[in-house]
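Please read the notes below alongside the model, with the sequence to hand. They are arranged by topic.

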Amino acid sequence: MLRKISASAVLDALIAGPLLDASGLMEATGLSRPTVLAVCDELLALGWLEEVEGTGSTRAGRPSRRFGLKASAGYVVGIDLGATKLHICLSDLAGTVIAEHLESWRDEHVAAPERLLTVRQRIHSILDESGVEPDRVLAAGMAVPAPVRTDGHAVALESYLPGLAALDLRLALRPDFDWPLLVDNDANLAVVAERWLGVAQGIDDVVVLLSGERLGAGIFLGGNLIRGCGAAGEMRFLQLVEGVGNTDAIGGMCRELGAVAAAEVVDGERPAAPGGSDLVRLCAGVPADVTAEMVLTAARNGDAAARDVVDVVTERTARVVAVVATLLDPQMVVLSGGPAGAGDVLLPLLDQALDQFDAQHPRLAASTLADRAALHGTVRIALDHAFGALI
């Protein structure tokens, strides 16, 4: 166990890419010099590290030994099995994505067996295009838009994700691939990614709110991911919260309310600015084609109809943040998903609304990972598994 802990600490120190000598690894890991050198020698023998001769000298007069992660020693696969899209990537051991594939499902209610067959087919294509043999993949991670129990089954409504609840998702890649497959809720993996690569690095108490179509929360408290029995972070309780009532999120609400607002401008029920409506221009005069991105862009440009929509959405979302902050007391709440790219529009309005509820509230941040947070989280848990199985 001590060897595993020591090896994991050394790998974590090197995964960011720097070459470190023994002193640097001692500082990064808290391990003694003999332990650091013993672990590095073992990882070198396994082919996971590479050694580069340093420019300095040790006390014995020899050049210092510098070590780096050999990123090409193995690979992991990340899979974001979204309700409306599929995103797959191949990553090396440094977490660098070297190939990926993104596609939309032909229908958001595609049955689970067809989804998983497509996943396996796309993984074959990515491996072939990258020239990576399947036996060089050490693990895979998968995100799903539903709670996942410890037995590998998702708690998914048949009307939303047909067939998903009946499957042990840990076996989803078989018979094509026999890799260990780690499966978790997309919000949980989003918070893992934010602490690894995003705005929450170094923060032990953080909640990530998925703010695309439906609200979900990834919760990290005291440096630990909070999963409960798999459904921690589910937001169904919002139907009991006055002024909220359901799990509709920023993206979905902006799209739906934006379509209504654009239709009112087109029909003359809402006055437009003298120069015309930016929102109507963005949707080419077809309100049914309005997207959340159009609403947020128009609001940024000062369009009155779009600003009204964003005001309604942010006031409602602020109530959600206030409840989450009261229950969990995090240092930071991160908005993740597509709308996170409009943090310059959303965060000031959310701050203002929260100030009306409570003078004290957590720091708000917009994800810099946008809609790739869950995918990055799948890579991180696959890497953790691969590193944990090393020695």
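1. Basis of the notes. This is a predicted model, in which local features need pLDDT of at least 70 and side-chain atom pairs count only at pLDDT 80 or more, while totals for chains, interfaces and linings use all residues. Residues are numbered from 1 along each chain as its sequence is written, and side-chain values use heavy atoms, with hydrogens and water left out.

2. The sheet. Five strands form an open sheet in the order β6-β5-β4-β7-β8, with mixed pairing; strands here are DSSP runs of E of at least two residues, helices are runs of H or I of at least four, and both are numbered from the N terminus, while two strands pair if DSSP finds at least two bridges between them. The edges are taken by β6 and β8 (181-185), each with a single partner strand, so one side of each is left without a neighbour in the sheet.

3. Partners of β4. Strand β4 runs antiparallel to β5, to which 7 bridges join it, and Asp80 stands opposite His87 in β5; the hairpin between these two strands passes through 3 residues. With β7, by contrast, β4 runs parallel and is joined by 6 bridges, Val77 having Ala140 as its bridge partner.

4. Strands β5 (residues 85-92) and β6 (residues 97-104) are antiparallel and joined by 7 bridges, with His101 as the bridge partner of Ile88. Their hairpin has 4 residues between the strands, and in it Gly95 takes a positive phi near 85 degrees. Strand β7 (residues 137-144) is joined to β8 by 5 bridges in parallel, where Val144 stands opposite Asn185.

5. Helix α11. In α11, 13 of the 16 residues are buried, so this helix too is largely enclosed by the rest of the structure.

6. The largest pocket. The lining of the largest pocket divides into 19 nonpolar, 15 polar and 14 charged residues, where Ala, Val, Leu, Ile, Met, Phe, Trp, Tyr, Cys and Pro count as nonpolar, Asp, Glu, Lys and Arg as charged, and the others, Gly among them, as polar. The largest share of this lining, 5 residues, comes from α6.

Technical notes
Buried means under 20% relative accessible area, exposed over 50%, partly exposed in between (1.4 Å probe, protein chains only).
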